[in-house]
Amino acid sequence: MRSPKDARNIEIDITNQCPNRCSNCTRLCGHHKEPYFMDFETFKKAVDSLEEWDGVVGVMGGEPTILPELGKGDGIDPEGLI
């Protein structure tokens with residue numbers, strides 16, 4: 001098993017919510033009983049902790065751009081995440 005520091009990709013899973021009902025969704029979005037949104041401070045800590053990391057960071061979820069706090073003067077542009 002490789003260490004996380006040797007990974008090329010890291011994904012931050014920020015929600016299980018999605019307004020779509022794609023039949024081929026591998027995340028089972030929209031089928032959860034309880035909605036989950038990572039709180040914004042935790043998300044910022046995750047992003048900040050990867051500042052000097054040299055790989056690719058993905059923001060996952062259901063639909064990550066529906067995170068309520070995203071794009072509200074926080075320096076993180078939802079369009080830049082896509």
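I began with asparagine 16, where a polar atom of the side chain lies 2.8 Å from the backbone nitrogen of tyrosine 36; I take a polar contact as a pair of N or O atoms within 3.5 Å, where within protein one must be able to donate a hydrogen and the other to accept it, and residues adjacent in sequence count only if both atoms are side-chain atoms. I note that this is a predicted model, in which local features need pLDDT of at least 70 and side-chain atom pairs count only at pLDDT 80 or more, while totals for chains, interfaces and linings use all residues. Residues are numbered from 1 along each chain as its sequence is written, and side-chain values use heavy atoms, with hydrogens and water left out.

I then looked up the side chain of asparagine 16 again and found a polar contact of 2.8 Å with the side chain of glutamine 17. I place asparagine 16 in the loop between strand E1 (9-13) and helix H1 (40-49), helices (H or I, at least four residues) and strands (E, at least two) being DSSP runs numbered from the N terminus. Asparagine 16 counts as buried because its relative accessibility is 12%, where buried means under 20% relative accessible area, exposed over 50%, and partly exposed in between (1.4 Å probe, protein chains only).

The side chain of threonine 15 reaches the backbone nitrogen of glutamine 17 at 3.0 Å. Leaving aside neighbours within four places in sequence, I list the contacts of threonine 15 as Tyr36, Phe37, Met60, Gly61, Gly62, Glu63 and Pro64, with contact meaning heavy atoms within 4.5 Å.

I also checked asparagine 20, in the loop between E1 and H1, which counts as partly exposed at 39% relative accessibility. The C-alpha atoms of asparagine 20 and glycine 62 are separated by 8.8 Å, although these residues are 42 apart along the chain.

For the rings, I applied the rule that those of Phe, Tyr and Trp (its six-membered ring) pair if their centres lie within 6.5 Å, planes under 30 degrees apart counting as stacked, over 60 as edge-to-face and the rest as tilted. The count comes to one aromatic pair, formed by phenylalanine 40 and phenylalanine 43, tilted, at 5.9 Å centre to centre and 45 degrees between the planes. Both phenylalanine 40 and phenylalanine 43 are buried.

Last, I recorded that the elements run β-α-β from the N terminus on.
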